[in-house]
Structures are given as C-alpha cells and as structure tokens.
Amino acid sequence: MHEAAARYSSLARTTPTLKPPARMMFFVALLLLSSAVSALDPRYTPTQYRIESWGTLDGLPGASISALYQDSGGYLWVGTYRGAARFDGYQFTDLATVAGVDIPQDVIRSIVETGDGTLWFAGERRGLVAYDNSGEVYRFFDGDQSGAINYLHEDNNQQMWIATSTMLYRMQGRLPDVTFVPELAQSVWQLTQSSSGDLWAATEQGLWFKSNQVWQLHDEPQLNRAHLWSLVFSGDDLWVGWRGGLSKLSGADWRHYQAEQGELPHAVIRNVLTDDNGMVWIATAGGGLARYDQNGFSRVTQNQGLASDVVWVLIEDREGNIWAGGSGGLSRISDVAVQVFGRSEGVESSLVWSVASNGPEGVLLGTNGDGLLSLNIDSGAVQQVGPELGQAGAGIVLTAHRLESGDTIFGTFVGAYRLSSDNRAERIETIPDGRVRVLMLGDDGVLWVASDRGIGQLRGNQYRDLTGRFGLESVATTSLYKNPDGSLLATAESGGLWLLPADLSPATRLDRVATKMPTRDVWRDVDGTIWVAGFGLHRLEQGEWVPVDSINRRLPAQFHALVEDPRGWLWASTNVGVARISIPGLRDHVRDPTSTPDAKFIGVMDGMRSAEANGGNQHALLLDDKGRLLVPTTDGVAVIDPENMGDRYVPPNPLIERVLIDEDKPYAWTERALPAGTERLRIEFTALRLSDPERIHFRYRLEPSEPEWTDIGRQRSVGLSRLSPGDYTFSIQAAGADGIWGTPTVIDFAISPYWWQRGWVQIAFALFAAAMLISLPLLRIRVLRHRAAELRREVSIRTSELARANTALEEAARTDALTSLPNRRHFMARLVANWMEGGPLCLATLDIDHFKRYNDSLGHLMGDSCLQQLGLLFRQELSGPGVLVGRVGGEEFSVFFRASLEESEMRLRQLTRQLALAAIPHPNSVSSLLTISIGLAERRPGDVNDGDLRERADLALYQAKAEGRNRLCIAD
C-alpha cells in the first residue's frame with residue numbers, strides 16, 4: 001500500500017485563467033437558502049409535477065448521466081460519460097471551461113464538495129480531479145490501475161472515503177495519504193452514514209457496516225452476496241437499492257419489495273433518495289422513476305417527459321427539485337402551483353369540457369367522448385359515471401348539474417340526459433336536440449336549460465320552452481347569471497348581453513352597440529358593475545363595452561368563464577391560461593381608468609399541461625367547497641389552490657461568471673483595469689435559480705455611455721463595443737415573471753489609455769506646438785500674407801470636408817456597426833415619430849432562431865458574418881418609403897411599415913423566402929438552415945402609445961417560437 005500511496009503522490013497542477021469569486025459564492029449560497037422553496041408537494045402524483053429534460057443538444061457533454069451534485073454556491077454539477085458540466089438552470093458549462101484548463105474527458109461517477117470548499121470529481125479511468133475554491137486544479141491517480149472510482153463520501157469527521165471497483169480507501173488528511181480497507185477488497189458502489197455515526201457500504205457482495213471501528217457483513221439472507229447499488233437513511237430507516245429489488249431496514253426488521261410481486265416497476269434499483277417530505281424516490285434501470293409514500297408506489301416514465309426509463313442517479317436540490325440522470329439525459333421534477341388530472345391520472349379523454357360538483361364524491365368531469373367521469377381530487381380516484389350511451393355525440397358532455405335528489409342532468413352535443421342515483425341514464429326527450437350548454441338551478445328549484453335551440457325550464461322531465469317568450473329565437477346562450485332580484489343575465493355566442501326578467505316578460509339587450517364579439521360569461525359586482533368575458537375583459541357602462549386595457553394588453557385572449565372567490569379575486573379562464581384579478585383593483589379601475597388592477601396569469605409554466613381552457617359552457621369554471629378552482633382544459637382538468645399562488649421566489653442577484661476581451665479572450669481582472677486598446681468586452685453572468693430559470697429576465701446599463709437600462713430578456717451575456725479609455729460602471733439586474741426587479745449587481749472597471757492618449761502627453765504636445773508658433777511669428781506672417789488667397793480657398797475646402805465628416809459621424813451614431821442597419825436608439829426614435837404622425841402602422845419583431853447555438857457551434861466570428869449577411873438581406877428586402885428596419889438587440893431586429901397589415905405581411909413573407917434561398921447553414925437549429933421567427937402587429941384604435949404595438953408584436957413573436965419557430969405569427 002505504501003508503494004501505491006507513493007504513486008498517487010504524482011499529480012498534475014494547472015492554474016485557471018479566471019478564479020471563481022469565493023466570497024460572491026458565499027453570498028449567493030445565503031441568498032439561495034433564504035429564497036428556497038419547500039420539497040415537492042406530497043399530495044401530487046409524480047406525473048402531476050413539472051418534468052423537464054435536457055440532453056446533448058442542450059449542452060450536456062454526454063447523454064448518459066452518472067453523477068449529480070449541488071455545490072455550496074448553488075450550481076448543479078452533472079457527471080456524464082464524457083466529463084462533468086456545471087448547470088445554473090439555464091445553460092451547461094463544462095468543467096474545463098469553468099476551471100480554464102484542459103481536463104481529459106472521463107466517465108464521472110461521483111462528485112462531492114468537502115468542507116474546505118474543494119470539489120472532487122471521481123473518474124472511471126483518469127482518477128480524481130480536485131478543483132478548490134482558489135481556482136487551482138489537481139489530478140490524482142491518473143492512469144493508476146487500482147480500478148475505477150465509483151463513489152466519494154466525506155463522513156462526519158471530514159474524512160474522505162474512496163470507493164473503487166476493487167476496494168475501499170480512506171484518505172488521511174489530504175491526498176495522497178490513503179489507506180485501504182482490507183475487509184472490503186471488492187467493488188464498493190456507495191456509502192452512507194447513520195445518525196449514530198456508523199458507516200454503511202453497498203457492495204457487489206452484500207451490505208457492510210462499520211461499527212466500533214470494525215467492518216462487518218450484514219447477515220440479512222435476502223441481501224447475502226447480492227449486488228447492492230445504493231443506500232440512504234430516512235430518519236432511522238435504511239433503504240437499500242439492489243439488483244433484485246428494494247429493501248428497508250427499520251430497527252431489526254427488514255421489508256423487501258420486488259418487481260415479481262407487483263410492487264416495483266423494475267427489479268434493478270440503481271439509486272434511492274428520500275426528500276425533505278419523507279417521500280422515497282427510486283431510480284430503476286428500465287422502469288423509470290418510482291416514488292414510495294403512505295399510498296404505496298407510483299411512478300413517472302419517459303412517456304410523461306422523463307429523459308429515459310433507465311435512471312442511475314438522483315438528488316434533491318435546495319429548492320426542493322428532484323433531479324434524475326440516466327442513459328438518456330438529465331430530468332428535473334419540480335413542484336407546480338397547478339395540479340392536473342389528465343390521461344396519466346386516469347382521465348383518458350383528456351379534453352375536458354366542463355366540471356361540476358358531485359357532492360361528497362368530488363366533482364363531475366364532462367369529457368370529449370368518454371361521457372361523465374367522477375373525480376375525487378384528494379384521493380385521485382377517477383371512475384366512469386353512468387352507462388355508455390349509444391347515440392353519437394352523447395359522450396361529449398358540455399355541462400352537468402347534480403340535483404338534491406341525487407340525480408344528475410347533463411347536456412351533450414345531441415341533447416340532455418338524466419342519470420339516476422342507481423346509475424341509469426335516459427334521454428330527456430322534451431328538451432330539443434342540439435348542444436346543451438347551460439344548466440343552472442334557479443331560486444325556485446327549477447333547472448334552467450339553454451341550448452343551440454333555445455332556452456327554457458325543466459321541472460322533473462317536463463320542459464317549458466321560453467325562447468319565444470323572451471324573444472331570443474336567434475340567440476345561442478352561453479351562460480346565465482342570477483341577479484339578486486331574481487332576473488337573469490344571459491350572454492350570447494353571437495354577441496350581446498341580455499336581461500331576462502323574473503316575470504318571464506321579453507328580454508332586453510343591455511349593450512346598445514351591437515357587437516359580433518362572442519360573450520361567454522358575465523359576473524356582477526356588489527356595487528352593480530357588470531363584467532363580461534369576451535375577447536378580453538370588459539365592463540358594461542351606459543350600454544357600451546369598456547375594455548380593461550391593462551389586463552387585455554397583458555393577456556390578449558378570448559376570456560371564457562368568470563368566478564369570484566371569497567378572498568376578493570375574480571378568476572377568468574381564457575384560451576391562453578387563467579387570470580386572477582383583484583376585485584378591489586377592478587373597483588378602483590372603474591373610478592380611475594388609468595389604474596391597473598393587480599393580476600396574475602397562470603399557464604404552462606405554473607403546471608398546466610395545456611393553457612387552453614375550454615369555455616362557452618355554463619360549467620367552464622368551478623370553485624369547490626375547499627376554495628380550489630377547477631379549470632377544464634384541452635389536456636385534463638387543472639386544479640388551482642389559491643393558497644399556492646403566492647410569489648414563489650425573489651429573483652437572486654446576478655452573478656458575474658466570466659469576462660472576455662474582444663469576445664473570446666478570458667480576462668481575470670483582479671484590479672478591474674483592462675489593457676489599453678480594449679474596444680470590445682463580453683460579460684457573462686447568471687442568476688442561480690434551478691426552479692423556473694426561464695422566468696428570469698435581465699436588464700443592464702453601462703455608465704456613463706449607456707445610462708438607461710436596456711432589457712435583454714433571458715440573454716445571459718452582454719457584448720460591449722466601441723469602448724474608449726476611461727472609467728465605467730456596469731450594472732446587471734434580474735426580475736421574475738411579476739416584473740419586479742431585484743438588487744442589481746454592480747462592477748466598476750477602467751480601460752487604460754495608450755501613452756499618447758494620456759493627459760500630460762497631450763498637454764506637453766500642445767505647449768511644444770505653441771512654442772513653435774511663437775518662435776517664428778515674422779516668418780509665419782510673411783508666408784500668410786503671400787498665401788492669403790490660397791489659404792482662404794483651402795479653409796473653404798476643409799470646412800466642406802468637416803461638414804461631410806460631421807454628417808458621417810452623425811450617421812455612425814445612428815447606425816449599428818456590424819450590420820449597417822439603424823441601431824436601437826435611432827429605430828425607436830423613428831418609430832415614435834411615425835406613431836405621432838398617425839395613419840396605418842405595422843411593427844414586426846424578428847429573432848434569429850437558436851442563434852446562441854449558432855455561435856456555440858461555429859464561433860462568434862461566424863456569428864458576426866451571419867449578422868452581416870442578414871443585415872444586407874434586410875436592407876435589400878425591407879427598403880423603400882414608409883419602411884425602416886433596425887437591429888434592436890443581439891439577434892433581434894425590428895421593422896415598421898407605414899402600410900396595411902396585408903402589405904406588411906407580404907413584405908415579410910418575401911423576406912423569409914429570400915432567406916430560404918440564401919440557404920445560410922445552421923448546424924443546430926429547427927432545420928439545417930438559418931431561420932427566423934417573426935411577430936407582426938398592427939396599430940389598433942385602442943392603442944395608447946407605441947409601447948402597446950411593441951408589446952403585441954413581442955407576444956406574436958413568443959407565439960411563433962412556441963409553435964416551433966421558423967414562422968410568422970400575427971398578433972390578435
């Protein structure tokens with residue numbers, strides 16, 4: 001062993017270009033701890049969490065994940081079959097780039113951070129790599145033949161244990177002082193430590209433990225000579241994952257779970273993890289990721305978004321996310337604010353039209369083909385209600401209502417049915433055929449029924465048609481609302497709001513101006529204000545629709561259903577998500593239309609599998625007896641608990657990761673002084689948030705040259721160019737989805753001047769010149785007299801040249817140097833000027849698809865060349881009177897047209913055709929060629945300023961990206 005230890009003493013040492021800021025890491029860790037969220041909600045099934053996966057196309061060095069670890073700074077480290085990478089939630093950076101040195105690729109099987117801040121990476125072939133908090137990199141055991149390193153463990157006494165494929169080592173102090181454990185001369189796969197301090201080891205020949213300084217083989221027969229992969233303590237219980245199943249030791253009692261008994265999804269258990277809520281997560285080598293809790297085993301697989309059904313490693317980060325790595329990449333299982341019941345939870349027809357109360361049994365779901373389903377949200381039980389109906393269209397249930405008798409009336413595409421308490425269903429023949437969309441119980445116990453054929457009342461099985469009496473023969477009712485005086489408000493598919501008197505006299509249309517805008521639902525505030533869901537949210541004021549612009553601009557959508565909750569919120573379902581709007585804020589808006597009601601918008605990012613909420617029926621929203629909101633969508637029913645809808649986190653302060661001079665030269669600016677001649681600078685930064693990192697966006701400013709904030713979206717680097725000598729202050733700031741900006745990170749730096757740019761040199765030169773002029777006055781006067789006429793002519797020439805030079809300088813100040821297009825400031829000034837002139841105006845936002853991948857694959861020089869090609873193409877295709885195109889961001893361009901929407905769309909589609917003909921190669925995009933996504937918006941009469949137009953163009957651009965990029969989308 002001493003000879004082996006001597007061999008291990010040889011190491012390779014390198015010094016990185018940029019040392020990590022240890023002090024900054026400490027404060028980042030404190031921030032993360034203060035803003036961390038709890039563990040995953042145990043009420044959800046694994047399929048109801050948000051699952052996202054990453055692979056090599058997203059920047060992972062290798063597709064097979066063999067190690068996971070979160071360091072004290074908050075970064076997630078991922079070990080793959082082709083080396084390790086650091087992940088900030090947004091992008092991966094390989095270890096060699098982080099350290100600034102060349103590190104040979106290896107299969108990384110284990111990663112651990114010791115108490116002194118050193119990160120250790122265990123390899124299969126190349127030994128150990130240590131990266132300490134001063135930025136130094138060390139390598140140990142490189143090329144040694146003692147076997148692959150399987151696992152690293154630092155015990156409670158800060159001793160490092162090194163488990164290899166041939167034996168177990170204990171490190172004394174620091175490497176290379178190690179000794180081996182003779183009892184474990186075998187492949188050791190994992191170690192863990194109990195609360196009492198005993199060490200336990202999973203080996204290829206059974207379960208070992210170290211008590212009183214002695215290693216012993218556990219005598220459990222089931223595990224005797226078994227190949228063990230993983231160990232973890234949950235309190236005093238020990239969970240063991242092995243090649244034949246999963247076992248739990250509680251005190252002296254063993255419990256074994258095996259796939260053959262139907263308890264496990266797969267027989268080979270590669271890793272076991274217990275989260276902060278006590279749930280046990282089980283990584284299987286083929287059955288996906290399983291979870292064990294008080295309800296038994298459940299699981300999530302590749303079909304629900306997991307990267308692979310072969311899972312090898314698991315960790316829980318400090319924000320409560322579960323990370324799973326296996327043969328297909330990396331997956332994150334994160335908590336959501338919205339619980340969804342869809343196909344994975346037993347709702348086979350995941351398109352749900354309606355939801356209604358089902359008494360103590362839970363709720364009734366009206367599906368698109370499977371009839372009525374009963375759902376118990378608390379237990380997750382889903383079952384069919386009633387027999388299968390033979391008539392075509394009867395399985396499409398648009399609305400339902402359970403009566404006090406226990407019977408259920410439900411409306412379908414082909415009429416209404418009664419479902420008795422003994423589970424018999426019969427067609428209510430007295431109700432006309434057609435889509436029955438509204439069922440509402442009146443104050444007198446009568447059931448109001450509205451369909452495409454009219455409106456009436458149902459008592460028992462007797463239907464009274466009131467369509468003609470109300471005078472609503474041509475009105476298809478979408479919802480009914482009971483007023484305090486017994487009258488009803490009715491909304492119409494073809495537009496309009498109607499008052500149905502309690503005495504059944506003819507209806508009155510309340511909106512004086514006829515509109516074809518579908519009105520889907522109505523809600524009346526206690527102060528009498530009537531709010532209507534249509535294309536946006538409106539209120540009725542003196543017979544006219546008054547839109548709530550601040551809401552409708554942020555969520556341009558078709559509003560479907562409205563419901564008030566006891567907390568003072570108005571909930572609205574739309575075709576792009578759910579809105580929660582402050583009712584006191586709406587009342588303030590009535591008094592002062594310039595005020596903005598507090599609102600939160602809920603969609604896919606919050607856990608909805610589909611943001612398209614179904615509407616147009618009476619039961620398009622339901623508030624249950626526990627205060628939860630149920631929303632039928634095109635992919636299951638979404639359950640929103642208002643208790644979970646608070647702000648989930650405060651964006652962390654940005655962290656500067658790297659500074660590059662001239663785009664590609666890393667620079668360690670310990671004194672914050674950059675060398676003379678530096679004209680271009682790239683600052684790379686991040687915000688360490690592993691949950692919802694895509695919600696974080698950034699803005700920056702550079703004082704004194706760019707004193708105003710520039711919003712750069714989710715971009716995590718800033719290129720600064722044309723920097724002259726002097727002192728600068730760079731500030732970067734992050735905000736979450738609510739738009740609230742956090743504390744900025746500020747750095748000061750200076751660019752040194754050349755010697756001839758220094759002040760004293762210029763002063764000395766000026767004095768020398770003055771002395772020369774004074775020493776030869778007579779000669780100079782004589783020469784000037786003889787050449788007076790010539791000099792006047794020369795002055796005139798120079799004056800003209802100076803005027804041309806000034807004109808050129810002014811043009812340069814308005815022009816982007818790389819593309820020769822107008823820059824952002826000039827473009828925005830022209831846009832405002834054209835806005836003030838009035839008339840037709842269209843604005844398009846253009847974004848290069850996956851341009852970061854283009855730069856990452858081909859380099860920034862090729863990226864600059866690509867931008868120059870696009871600039872030339874844009875100048876060729878988007879020129880002429882009434883048209884201006886400009887570069888407003890890194891890969892973002894804008895163009896406005898003093899033209900109609902149709903003409904603007906035609907010009908843009910011609911541009912995309914020319915771009916396709918240019919056939920610029922892109923090695924890593926939606927196709928093999930460079931493409932762009934375009935959002936186009938037209939000036940509308942209701943727009944207040946050009947910001948409204950820009951916002952709608954941006955929303956159309958986001959829609960183009962969401963639909964797959966390489967397309968043009970027009971704002972509604």
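The model is predicted, so local features require pLDDT of at least 70 and side-chain atom pairs pLDDT 80 or more, whereas totals for chains, interfaces and linings use all residues. Residues are numbered from 1 along each chain as its sequence is written, and side-chain values use heavy atoms, without hydrogens and water.

**Strands 3 and 4**

- Strand 3 and strand 4 (residues 76-80) are joined by five bridges in the antiparallel sense; two strands count as paired if DSSP finds at least two bridges between them.
- Strands (E, at least two residues) and helices (H or I, at least four) are DSSP runs, numbered from the N terminus.
- Five residues lie between the strands of this hairpin, where Gly-74 adopts a positive phi near 105 degrees.
- Strand 3 is largely enclosed by the rest of the structure, because five of its six residues are buried (under 20% relative accessible area, with a 1.4 Å probe and protein chains only).

**Second largest pocket**

- The second largest pocket holds about 1,100 Å³ of space, a volume being the space filled by probe spheres set on grid points that are joined across faces, edges and corners.
- A pocket is an open set of points on a 1 Å grid over the protein atoms alone, with protein on both sides within 12 Å along at least five of seven lines, and lining residues have an atom within 4 Å of a point.
- Its lining comprises 40 residues, of which Leu-68, Tyr-151, Gln-190, Leu-314 and Ile-315 are the closest to the centre.
- Elements that contribute two or more residues to this lining include strand 3 (65-70), strand 11 (149-154), strand 15 (188-193) and strand 27 (311-316).
- The lining divides into 21 nonpolar, ten polar and nine charged residues; Ala, Val, Leu, Ile, Met, Phe, Trp, Tyr, Cys and Pro count as nonpolar, Asp, Glu, Lys and Arg as charged, and the others, Gly among them, as polar.

- Four strands make up an open antiparallel sheet in the order 39-40-41-42.
- Strand 39 (436-441) and strand 42 (462-465) are the edges, each with a single partner strand, so one side of each lacks a neighbour in the sheet.
- From one strand to the next, the twist averages 25 degrees, with axes fitted to C-alpha atoms and angles from 0 to 180 degrees between N-to-C directions.
- Strand 39 and strand 40 (residues 447-451) run antiparallel and are joined by five bridges, and Leu-441 has Leu-447 of strand 40 as its bridge partner.

Technical notes
On a 1 Å grid over the protein atoms alone, a cavity is a set of points where a 1.4 Å probe fits but cannot get out, and a pocket is an open set with protein on both sides within 12 Å along at least five of seven lines; lining residues have an atom within 4 Å of a point. Buried means under 20% relative accessible area, exposed over 50%, partly exposed in between (1.4 Å probe, protein chains only).
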